[in-house]
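Colleague: I would like to go through this structure feature by feature. Please take the pockets, then the metal site, then a strand pair.

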Amino acid sequence: MLSIFCSPARYTQGKNATASLGVEMSTLGLEGPALIIAGRSARSLLADVWRTSLGEAGIAYHVHNFGGECSASEIERIDKAVRETAARVIIGAGGGKVLDAARAAAADCNLPVVNCPTVASSDAPCSALSVIYTDDGSFEQYRIYRKNPDLVLVDTQVIAKSPPRLLVAGMGDALATWFEAKTCADGSIKNMRGGASTQTALALAELCYRTLLNDGADALRAVQTEVVTPSLERLVEANTLLSGLGFESSGLAAAHAIHNGLTAVPPTHAFLHGEKVAFGVLVQLILEGKQRSLVDQVLGFSAEVGLPMTLAEVGLGEMTSEMLQRIATRSTATGETIHNEPFEVRPELVSDAIRAADATGRAWKQKHGFAAAVRA
Ligand SMILES: [Zn+2]
């Protein structure tokens, strides 16, 4: 098997980076007209900077208001807007779903794509895949594209003003990267590009985990105070670039499959991708029988930044056995990344690991004096 590593063509990050969007695009030879897919907060935050930055670079643009869900019907609406505006490049500006939809439309229309995340809530911006949901928010499928974005531009001034919960969710998504990457590399599993892991991807995934432990709590405080600090810069890079490169060029395993399983029951829909993934990490560690010191390190980190470590914290404080069955069945569906684990994974194994993870999380909280808080 060949080893394959992939990444965006260019990654640009820093305070007020949006002011350089036009220059960055021109440097890469990306010409207008552009179609900007944007959520509401991206529009209100960035409209003036787009006018200046893209205006000075001579890039004409239209703005398409994102419909709220990265679903097949929303992607079709964007494809239509691309044709109507004769766009030659697509810019996604907003949260994970906006960027996922922008990449999907760019692939449909065979156009270059620029991703400008306004939150660091997942590792999707750098990837060549999108997660497609149904219009009511259930996981539907992964769509995989030929290439990664042409440019990912992250404005840390914008991230500093984003809701702290979103940054924490990004840490949950990034928390899975090293554990899933290691499982895939150890098992000689094909990565998202159909090749073996490189040392590069594994080293980036491990750096991702180390950065969370070292900078996660400080970065959270920076966002709570709405300031940009070196810790926040490193953490945003971990959530966005390191995690993105690590998962795509090494692979996913149980944690993300558990996330997909959790989306099969409506009470979890109020929780973010990374929050469900964080609980999935715990389930993966239990499933793999990892040593207690590692589980404690992960639980300590989750508690410090406020990531879910119990079922109640992903909306399942009162989970019926029918719901658990549905989660376990969905997590182990054919083609799920849980089958990248080095042993056969049946639904019964998953439901036991979910219950055990919940009990472990609850016991840890009790021991360390955390209230059994329920967030919704
Ligand atoms: Zn993820």
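Modeller: Keep in mind that the model is predicted. We can begin with the second largest pocket, where β7 gives the most to the lining, with three residues.

Colleague: How much space lies in the second largest pocket, and which residues are closest to its centre?

Modeller: The space comes to about 260 Å³. Sixteen residues, written 16 in the count, line the second largest pocket, and Y142, M192, G335, E336 and T337 are the closest to its centre. By class, this lining has seven nonpolar, six polar and three charged residues.

Colleague: What volume does the largest pocket have, and which element gives the largest share of its lining?

Modeller: The largest pocket has a volume of about 980 Å³. Its lining takes in 45 residues, with G95, G96, K97, S121 and L272 nearest the centre. Helix α2 gives the largest share, five residues. Elements that each supply at least two residues include α4 (96–109), β6 and α10 (273–287). The classes are 18 nonpolar, 18 polar and nine charged.

Colleague: A cavity, unlike a pocket, is a space the probe cannot get out of. How many cavities of 30 Å³ or more are counted?

Modeller: The count is one, and about 50 Å³ of space lies in the largest cavity. T18, L46, C116, P117, T118, L153, D155 and V158 line it. Strands β5 (113–117) and β8 (151–155) are the elements that give two or more residues to that lining.

Colleague: Now the metal. Which residues coordinate the zinc ion?

Modeller: The donors are D173 (OD), H256 (NE2) and H273 (NE2), at 2.1 to 2.2 Å. Their spacing in sequence is D-x82-H-x16-H. D173 lies in helix α6 (residues 164–186) and H256 in helix α9 (residues 254–262), so this pair ties together parts 83 residues apart in sequence.

Colleague: Are D173 and H256 buried or exposed?

Modeller: Buried means under 20% relative accessible area. D173 is buried, at 1%, and H256 is buried too, at 5%.

Colleague: Last, the strand pair. Why is β6 described as largely enclosed?

Modeller: Five of the five residues of β6 (residues 129–133) are buried, so the rest of the structure largely encloses this strand. Both faces are covered, with L129, V131 and Y133 buried on one side and S130 and I132 on the other.

Colleague: In what sense do β6 and β7 pair?

Modeller: β6 and β7 (residues 139–144) pair in the antiparallel sense over five bridges, and V131 has Y142 as its bridge partner in β7. The hairpin has five residues between the strands, and G137 there takes a positive phi near 95°.

Definitions and conventions: Residues are numbered from 1 along each chain as its sequence is written. This is a predicted model: local features need pLDDT of at least 70, side-chain atom pairs count only at pLDDT 80 or more; totals for chains, interfaces and linings use all residues. Side-chain values use heavy atoms; hydrogens and water are left out. On a 1 Å grid over the protein atoms alone, a cavity is a set of points where a 1.4 Å probe fits but cannot get out, and a pocket is an open set with protein on both sides within 12 Å along at least five of seven lines; lining residues have an atom within 4 Å of a point. Grid points are joined across faces, edges and corners, and a volume is the space filled by probe spheres set on the points. Helices (H or I, at least four residues) and strands (E, at least two) are DSSP runs, numbered from the N terminus. Donors are N, O and S atoms within 2.8 Å of the metal (3.2 Å for Na, K and Ca); water is not among the atoms, so sites may look incomplete. Buried means under 20% relative accessible area, exposed over 50%, partly exposed in between (1.4 Å probe, protein chains only). Two strands pair if DSSP finds at least two bridges between them. Ala, Val, Leu, Ile, Met, Phe, Trp, Tyr, Cys and Pro count as nonpolar, Asp, Glu, Lys and Arg as charged, and the others, Gly among them, as polar.
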